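Biologist: I am new to this structure and would like to go through it with you. Could we have it in view before I ask about particular places?

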Amino acid sequence: MAADYDKPIPLPRKLPKQGRSKVLVDAIVEACENILAKGDAAQLSTNYIAEVAGVNIGSLYQYFPNKEAVLAAVFTRKMAAERAEFADQSNRRILAQSALSLSAALAEVIRVKAELHQRFLTLHGDFYRDYFDFFDFESTIDEYVSTDLQQPTWSVWVKSLLKHYQHELRLDDIGRAAFLVANIIDGLLSASVREEPHFLCEDDFLIQVHAAALNAIS
């Protein structure tokens with residue numbers, strides 16, 4: 001099912017300022033995480049979250065207008081926490097493939113991005129498909145690239161990769177080629193998240209994304 005882009009961004013009513021209120025909000029967010037971890041996403045509701053958190057439903061509504069706002073808080077924290085693990089798992093993989101060939105490097109980047117999308121889809125697929133653009137997925141990628149690959153953004157890293165293999169390519173404009181490659185990969189993976197999330201775990205689809213990216217620079 002395609003995402004509903006008319007949905008408002010799920011924001012909290014207010015942010016906690018005192019220690020007691022921060023403990024309350026943490027309990028609510030952690031309760032939501034625990035419910036998702038148990039596989040009870042279909043039963044998720046504000047009442048269920050409040051019950052698991054051990055708080056009054058009125059206290060929950062002081063900070064969150066609905067369950068989507070609680071989910072947004074969960075995803076925000078999860079994405080921040082995932083960066084370190086993502087970098088640790090992916091750094092060696094991408095660097096190793098980058099040393100082999102341009103094709104191998106792009107294939108590994110595609111696989112890494114698809115795997116990260118799958119992690120968040122597993123957390124709550126319907127919510128992630130509807131709202132993943134609001135959580136700036138690419139900033140998670142860019143922070144990893146900046147810290148571990150020493151490039152300001154992933155699109156700039158693609159440009160540096162193409163420059164490294166420029167002797168094998170017939171490109172008049174490296175910048176334009178990098179723009180095409182980065183946007184082909186991101187566009188196809190994002191479309192898959194919204195419309196066909198199961199494609200992300202299918203090798204045939206990832207191979208087709210890889211072929212489309214290479215075709216732009218062949």
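Biologist: Which residue's side chain meets that of R77 in a salt bridge?

Modeller: A salt bridge here is a side-chain nitrogen of Lys or Arg within 4 Å of a carboxyl oxygen of Asp or Glu. In this predicted model, where local features need pLDDT of at least 70, side-chain atom pairs count only at pLDDT 80 or more, and totals for chains, interfaces and linings use all residues, the N to O distance of the pair is 2.7 Å. Residues are numbered from 1 along each chain as its sequence is written, and side-chain values use heavy atoms, with hydrogens and water left out. The partner of R77 is D26.

Biologist: How many residues apart in sequence are the parts that R77 and D26 tie together?

Modeller: The side chains of R77 and D26 meet in a salt bridge.

Biologist: Is D26 buried, partly exposed or exposed?

Modeller: Buried means under 20% relative accessible area, exposed over 50%, and partly exposed in between, with a 1.4 Å probe and protein chains only. R77 has a relative accessible area of 35% and is partly exposed. For D26 the value is 30%, so this residue counts as partly exposed.

Biologist: Which residue forms a salt bridge with R111?

Modeller: The closest N and O atoms of this pair are 3.3 Å apart, and the partner of R111 is D203. R111 lies in helix α5 (residues 102–131) and its partner in helix α9, so the pair ties together parts that are 92 residues apart in sequence.

Biologist: How many salt bridges does a search of the whole structure find?

Modeller: Another salt bridge joins the side chains of D40 and K38, at 3.9 Å from N to O. In that pair D40 counts as buried at 18% relative accessibility, whereas K38 counts as exposed at 58%. For the whole structure, the search gives a total of five.

Biologist: How many disulfides does the structure hold?

Modeller: A disulfide is a pair of cysteine sulfur atoms within 2.5 Å. Among the cysteines, C32 is buried, with a relative accessible area of 0%, while C201 is exposed at 53%. The number of disulfides is zero.

Biologist: How far apart in space are A31 and A53, C-alpha to C-alpha?

Modeller: A31 has its place in helix α1, which covers residues 19–37, and is buried with a relative accessible area of 3%. Along the sequence, A31 and A53 are 22 residues apart, and their C-alpha to C-alpha distance is 5.0 Å.

Biologist: Where is L169 found, and how far in space is L169 from S218?

Modeller: L169 is found in the loop between α7 (154–164) and α8, and at 18% relative accessibility this residue counts as buried. L169 and S218 are 49 residues apart in sequence, yet from C-alpha to C-alpha their distance is 7.2 Å.

Biologist: How many helices and strands are there in the protein?

Modeller: Read along the sequence, the pattern is α-α-α-α-α-α-α-α-α. Of the 218 residues in the protein, buried residues make up 44%. The counts are zero strands and nine helices.

Note on methods: Helix = DSSP H or I, 4+ residues; strand = E, 2+ residues; numbered from the N terminus.
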